[in-house]
Amino acid sequence: MSKNYVALARSIVDAIGGGGNVAAVTHCMTRLRFVLNDDSAVDAARLKTIPGVLGVVRSDNQCQVIIGNTVSQAYAQVLTLLPEGARAERALPRNDKITLRRIGAGILDALIGTMSPLIPAIIGGSMVKLLAMVLEMSGVVAKGAPTLTILNVIGDGAFFFLPIMVAASAAVKFKTNMSLAIAIAGVLVHPNFVDLMAKAAQGQPVDFIGIPVTAVKYTYTVIPALCMTWILSYIERWVDNITPAVTKNFLKPMLIVLIASPIAIVLIGPVGIWIGSGISSVVYTIHGYLGWLSVAIMGALWPLLVMTGMHRVFTPTIIQTIAETGKEGMVMPSEIGANLSLGGSSLAVAWRTRNPELRQTALAAAASAIVAGISEPALYGVAVRLKRPLVASLISGFICGAVAGLAGLASHSMAAPGLFTSVQFFDPANPMTIVWVFGVMALAVVLSFILTLVLGFEDIPVEEAQPARDNAQPAAFPTQAPAVKTN
């Protein structure tokens with residue numbers, strides 16, 4: 001179904017309080033992410049009934065509007081309705097009362113806001129590395145051939161220079177100078193500094209003006225550059241306040257670099273590495289103790305994590321694990337069952353519903369989840385909307401996660417698991433992984449399909465599916481004919 005993105009954007013902006021209520025906006029793979037000046041100005045009931053909006057997630061002064069795979073088209077139209085400057089997210093207001101909840105929300109917001117724009121580059125690079133592996137495994141390109149080396153370099157570029165990419169993205173998030181953030185992150189991956197850290201790791205003492213420097217490898221890392229850029233945003237404002245206007249064009253950037261770079265090398269970098277390593281250790285220690293059960297639990301929880309945005313917390317861990325070991329065996333395998341189970345449930349809804357519009361939505365959502373691994377259209381457009389298909393998906397996700405864990409499946413990329421990206425789970429040393437991957441995918445679709453039909457769902461009457469248009473205000477609770485239970 002084609003969408004009128006101009007009308008969709010205008011309806012969304014009107015429902016969130018108008019363009020003047022938007023402090024900043026960006027988008028991820030399926031969501032428009034608004035930072036609002038006044039959260040109370042949002043008409044949530046109206047927003048949820050806009051045709052083309054699959055769901056709404058609100059937290060503090062943020063409002064996430066789920067559009068689906070075509071979110072970039074809606075985003076382009078939204079920008080035309082907003083004041084200049086509302087083009088990227090900012091951190092939570094600094095003058096708000098500090099609470100543990102707000103600190104946690106701020107950390108999650110910073111992580112998601114920084115990493116979301118980088119996902120396409122990371123996925124692209126990992127898929128190129130995967131292509132190189134397949135070409136070598138099949139004998140199409142000889143091992144050690146220049147073509148293979150170049151392909152691996154192309155695929156590895158996004159990972160090796162990840163601190164620089166994180167710094168650039170975080171600079172937008174924290175409203176600080178991007179070129180300075182990139183320059184400071186570049187210090188961490190400079191060849192001479194990398195060599196110096198390698199010597200420090202072998203026991204050679206390394207210090208900066210008498211201060212010991214911890215031996216750390218920063219390539220392939222996320223947290224150090226993210227923390228460094230956050231600190232930079234404060235350093236930049238402080239230096240701006242103390243430097244005379246006549247010297248700002250040369251003294252200000254010089255002082256910022258001289259202050260921020262040593263802090264990054266001596267303090268922020270090592271702390272960031274410890275934080276990232278600690279998170280990874282916790283996740284994979286749980287995996288080590290629970291084994292396949294941890295994959296099963298993650299498979300059941302994954303749709304719920306997506307609903308809250310918490311799934312992005314695992315992005316740095318997945319990236320670092322794949323970069324260091326070449327594969328990830330807990331989170332990514334759990335997504336196979338989670339994503340395709342949502343697709344199978346959507347297929348069951350399309351099969352059973354009497355509502356033509358819901359059937360069309362469910363079929364499109366199923367195709368997105370099964371083929372491309374993008375599950376949010378199925379999650380918000382079908383599962384959450386009808387509730388029981390969500391329960392069916394969670395049960396199926398647990399069972400399929402258990403099977404994937406028992407099979408020892410692991411991903412060599414971080415592309416969303418789906419039919420087109422299934423190659424990322426193939427292990428050249430174990431050809432049976434091909435059978436297991438397709439087996440888990442088939443099980444997820446079939447099992448969730450059957451469970452959805454068994455559990456049934458409250459079908460949406462045709463009258464209810466036609467939301468109010470033009471200037472009509474939709475009722476908070478439908479007054480049309482009652483829903484029909486299908487079983």
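These legends describe several close-up views of one predicted protein model.

In this predicted model, local features need pLDDT of at least 70 and side-chain atom pairs count only at pLDDT 80 or more, while totals for chains, interfaces and linings use all residues. Residues are numbered from 1 along each chain as its sequence is written, and side-chain values use heavy atoms, with hydrogens and water left out.

View 1. Helices (H or I, at least four residues) and strands (E, at least two) are DSSP runs, numbered from the N terminus. Of the 487 residues, 51% are buried. Buried means under 20% relative accessible area, exposed means over 50%, and partly exposed lies in between (1.4 Å probe, protein chains only). A contact means heavy atoms within 4.5 Å. Among contacts with a separation of 6 or more, 73% join residues 24 or more positions apart.

**View 2. Four strands form an open sheet in the order S1-S2-S4-S3.** The pairing is antiparallel. Strand S1 (22-27) and strand S3 (55-59) stand at the edges. Each has a single partner strand, so one side of each is left without a neighbour in the sheet. From one strand to the next, the twist averages 20°. Two strands count as paired if DSSP finds at least two bridges between them. Strands of a sheet pair through backbone hydrogen bonds, either parallel or antiparallel.

**View 3. Strand S2 (residues 31-36) pairs with S1 and with strand S4 (residues 62-66).** Five bridges link S1 and S2 in the antiparallel sense. Val 22 stands opposite Leu 36 in S2. His 27 stands opposite Leu 32 in S2. Five bridges also join S2 to S4, and these strands run antiparallel. Here Val 35 has Gln 62 of S4 as its bridge partner. S2 is mostly covered, with six of its six residues buried. Arg 31, Arg 33 and Val 35 point one way from S2, while Leu 32, Phe 34 and Leu 36 point the other way.

**View 4. Helix H16 (residues 376-386) crosses helix H17 (residues 388-407) at roughly 105°.** Their axes come within 4 Å. Axes are lines fitted to C-alpha atoms, for helices over the stretch in contact, and angles run from 0 to 180 degrees between N-to-C directions. H16 and H17 are therefore roughly perpendicular to each other. Angles under 35 degrees count as roughly parallel, over 145 as roughly antiparallel, 65 to 115 as roughly perpendicular and the rest as oblique. H16 brings Leu 379, Ala 383, Val 384 and Leu 386 to the contact, and H17 brings Arg 388, Pro 389 and Leu 390.

**View 5. The largest nonpolar core has 68 residues.** A nonpolar core is a set of buried Ala, Val, Leu, Ile, Met, Phe, Trp, Tyr and Cys residues joined through side-chain atoms within 4.5 Å. Met 115, Ile 122, Val 166, Trp 302, Phe 314, Ile 319 and Met 414 touch the most other members. Helix H14 (residues 331-352) gives the largest share, eight residues. Met 115 touches Ile 122, Val 166, Val 222, Thr 315 and Ile 319, not counting residues up to four places away in sequence. A second, separate core of 26 residues includes Ile 12, Ala 15, Leu 32 and Leu 82.

**View 6. Glu 335 sits in helix H14.** Glu 335 is buried, with a relative accessible area of 9%. Not counting residues up to four places away in sequence, Glu 335 touches Trp 302 and Pro 417.
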